[in-house]
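Biologist: I've got a protein structure open and I'd like to learn how to read it. Could you walk me through some features?

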Amino acid sequence: MQTIEILEEAVQTGIGHSSKGNQLKWQQDGWWYKADAFGFESLAETVVSELMAFSSVSDFVRYEPVNIQYKGKEYRGCRSRDFLDAAWELVPLERLSRIHTGLGLAQELARMADARQRILYTEEMVRSVTGIRSFGEYLVKMMEIDAFFLNEDRHTNNIAVLYDKEIGEYSLCPFYDMGLSLLSDTKEEYPLELSFAECREKIRAKPFAVDFDEQLDAAEELYGTFLKFQFPAREIAKYCFMNSYTGYAPEELQRVEAVLRYQAGKYQYMFP
């Protein structure tokens, strides 16, 4: 695993927010760096993006694991290319809703009866504000990715659109930030001594329902199905471990493989 030194004088430092708390995050030389905070988030980010490279969804952020040295400390983490240039701004849907309706999206969704109604409201709000007509399809892809990889961090600040400040137009954002997938939070929620079955009982989805399949079914019924992997389900372990992941415990790698094998069996319609 490559080691990167973060230089204080050359970096914008910040805190990346998740539904579980804060994560150290830095920007340097056109890359974003994130340190593991809850377990093996960097492995999860990398494996998800590696598998997405062999799928029908092309607009996603690629991650790679790195060791990060900062202020005399070493962190296990990952990095991704900064996909924003000077003209672009990342606008989370929570903020988009507050700007244009006066209420946050999470607050609006909490008043609705079911996942279908929440998804419809979100698509209609985004389309009316931004003019993006394919946001329903975008939401389906996101729900498919989250359900398959068990991403539990899809809160309303973790869905975004891009805004071009020069021409005043919005566009879709690449799929990003999958660190709390694959039961990677071994520090608090899913310690490695817990079985996969026990972890499955605990995990909760966001933002339209607490059950992954409930929000996935609602989204696919509204807009169709899109995520297809380009290899047989039985070969998923081969594709997620095409690269050698040093720096991770055997138990962490075993958990990733166990989750993916189970999910590939569950969602067979996503495979040839």
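Modeller: Let's go through helices, strands, a loop and some backbone angles in turn. Keep in mind that this is a predicted model.

Biologist: Let's start with helices. How do α5 and α7 cross, and how close do their axes come?

Modeller: Two packed helices are described by the angle between their axes and the distance between the axes. Here, helix α5 (residues 135-149) and helix α7 (residues 212-223) have axes that come within 9 Å and cross at roughly 150°. Anything over 145 degrees counts as roughly antiparallel, so α5 is roughly antiparallel to α7. The crossing of α5 past α7 is left-handed.

Biologist: Which residues in α5 and α7 meet?

Modeller: On the α5 side you'll find Gly136, Glu137, Val140, Met143, Glu144, Asp146 and Ala147. They meet Phe212, Gln215, Leu216, Ala219, Glu220 and Tyr223 in α7. Sorted by class, this contact has 7 nonpolar, 2 polar and 4 charged residues.

Biologist: On to strands. Is strand β5 largely enclosed or largely open?

Modeller: A residue counts as buried under 20% relative accessible area. In β5 (residues 63-70), 6 of the 8 residues are buried, so the strand is largely enclosed by the rest of the structure.

Biologist: In what sense does β5 pair with β1, and in what sense with β6?

Modeller: Strand β1 (residues 2-5) pairs with β5 in the parallel sense, over 4 bridges. With strand β6 (residues 73-81), β5 pairs in the antiparallel sense over 8 bridges, and Tyr70 has Lys73 in β6 as its bridge partner. The hairpin of β5 and β6 has 2 residues between the strands, and Lys71 takes a positive phi near 50° there.

Biologist: There's also a sheet with β7, β8 and β9. In what order do they lie, and which strands stand at the edges?

Modeller: These 3 strands form an open, antiparallel sheet in the order β7-β8-β9. At the edges stand β7 (88-92) and β9 (169-172); each has a single partner strand, so one side of each is left without a neighbour in the sheet. Ignoring direction, neighbouring strands of this sheet are turned by 35° against each other on average.

Biologist: What about loops? Is Ile203 buried or exposed?

Modeller: Ile203 sits in the loop between α6 (196-202) and α7. Its relative accessibility is 8%, so Ile203 counts as buried. Leaving out residues up to four places away in sequence, Ile203 touches Leu150, Glu152, Leu183, Tyr190 and Phe212.

Biologist: Finally, backbone angles. What should I look for?

Modeller: Most residues other than glycine have a negative phi, and most peptide bonds are trans. That tells you to look for exceptions. Leu150 isn't a glycine, yet has a positive phi of about 55°. You'll find Leu150 in the loop between α5 and β8, and at 6% relative accessible area Leu150 is buried. Asp177 has a positive phi of about 60°; this residue lies in the loop between β9 and α6 and counts as buried at 17% relative accessibility.

Biologist: Which residues does a cis peptide bond join?

Modeller: That would be Lys206 and Pro207, with omega about -5°. Look for Pro207 in the loop between α6 and α7.

Key:
Residues numbered from 1 in each chain as written. Predicted model: local features only at pLDDT ≥ 70, side-chain atom pairs only at ≥ 80, totals over all residues. Heavy atoms only, no water. Axes fitted to C-alpha atoms, helices over the stretch in contact; angles between N-to-C directions. Parallel < 35°, antiparallel > 145°, perpendicular 65-115°, else oblique. Left-handed = near helix turned anticlockwise from the far one by under 90°. Contact = heavy atoms within 4.5 Å. Nonpolar A, V, L, I, M, F, W, Y, C, P; charged D, E, K, R; others polar. Buried < 20%, exposed > 50% of the residue type's maximum accessible area, 1.4 Å probe, protein only. Pairing = 2+ DSSP bridges.
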